[in-house]
Amino acid sequence: MPTASRTAPAVLAAALLLAACGSQNGSPGGGAGGGSVRAEALCPSDLSPYGSPPSSEPSVRPSGTPTALPLPSAGGTVEDGVKITALYAWGPESGCAGVAYSADFELTNQQTETATYTLTFGFLSASGGAVDNAEHTVEAVGPERTVKGTVVMGEPVGNAPEVTGVEVIKVRSVPGAEASSASGTCPKSGMRLYADQGDAAMGLRVVGLHLVNCGTRPLQLNGYPKLTVQDEDHHTVDGVQILQGTDQISTGLGGDGRPQPVVLRPGEAALAQLAWRNTTQAGAPVNAPYVRVWATPGADPVTVTPELDLGTTGKLGVGPWRKDATHREPAGTTARP
């Protein structure tokens, strides 16, 4: 999937939810408890910029009731453990601007370990065309557990057609212990690792790996992150050459040069770049959504989802760690004591 077509969860949530009404999962993924807890419907202005409920009870709730829309028969099918159970339209009487749409879903973790899911839904017009897409993250779903949630699409822009259906476009999951995070509570490791949404132009893809020292001690880096490329079933993809440096993919990306020692004080961050091309020639193209990343030789792995479309190049370049002077911790981030 081309990098340019992906939407950043944090930015998407902030942009879509500011104009829509909906509800959020009251218990992120149900966790080990396994129960399904649904929060009351909230207007998006009551939600944090990262699409999750605030720590305190919201003071404003919608005053109206959403209109249930007929759900196409295909909506009841299960796609990779996800089943859409309802589709709603929210009007201005609910306290939101214009008309917004939401869909209820059930997610069953069919794996043998706890997993964090990122789900992409497509809201459709009567002709079956796409009106808009929306992402929703469900954290820490225990094995064989079923949880409920709601995904929200914002007010259609311009002359966008009326929404009459919804479908599951993509399901991505990572082991709960390897989930990446750009904010929130600091992991036990004292470091937070995540991938940005990257950029794409003329077949060239560039995605940044961000490492934040959220602990209380300095963190020393010197070299390249270690990578393993995985397919949709989390199997290692053979035949992909991981290159040290991005200059063999393209020059001027900032991921070339020899590694230099980097010391991150608490609150500081580092950046390493992934670069590849989606050129397709003879042979079968390689599409691998997941990359397991070891920030340092002794670190635990973190799985990110850069959606690698390597074409038939068989090459992925990774740049060395370098200090990221532009990093600013998002609101709601908690340092590890």
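Mentor: The second largest pocket holds about 350 Å³ of space. Keep in mind that the model is predicted. Lining this pocket are 16 residues. Those nearest its centre are Asp80, Val171, Ser173, Glu232 and Tyr290. Which strand gives the most to the lining? Strand 8, residues 165-175, does, with five residues. Sort the lining by class and you get six charged, six polar and four nonpolar residues.

Now move to Asn109. Find the loop between strand 4 (100-108) and strand 5 (115-124); Asn109 lies there. Is Asn109 buried or exposed? Its relative accessible area is 0%, which is under the 20% cut-off, so Asn109 is buried. Its side chain has polar neighbours on the backbone. A polar atom of that side chain lies 2.9 Å from the backbone nitrogen of Gln111. The backbone oxygen of Gly142 lies 3.3 Å from a polar atom of the Asn109 side chain. Leaving out residues up to four places away in sequence, Asn109 touches several others, including Tyr117, Val141, Pro143 and Arg145.

Searching the whole structure turns up one aromatic pair. The ring centres of Phe105 and Phe121 are 5.2 Å apart and the planes meet at 35°, so the pair counts as tilted. Phe105 sits in strand 4 and Phe121 in strand 5, 16 residues apart, and the pair links distant parts of the chain. Both Phe105 and Phe121 are buried.

How values were computed: Residues numbered from 1 in each chain as written. Predicted model: local features only at pLDDT ≥ 70, side-chain atom pairs only at ≥ 80, totals over all residues. Heavy atoms only, no water. Helix = DSSP H or I, 4+ residues; strand = E, 2+ residues; numbered from the N terminus. Buried < 20%, exposed > 50% of the residue type's maximum accessible area, 1.4 Å probe, protein only. Polar contact = N/O pair within 3.5 Å; in protein donor to acceptor, adjacent residues only side chain to side chain. Contact = heavy atoms within 4.5 Å. 1 Å grid on protein atoms, 1.4 Å probe; cavity = no way out; pocket = protein on both sides within 12 Å on 5 of 7 lines; lining within 4 Å. Points joined across faces, edges and corners; volume = space filled by probe spheres on them. Nonpolar A, V, L, I, M, F, W, Y, C, P; charged D, E, K, R; others polar. Phe/Tyr/Trp six-rings, centres within 6.5 Å; stacked < 30°, edge-to-face > 60°.
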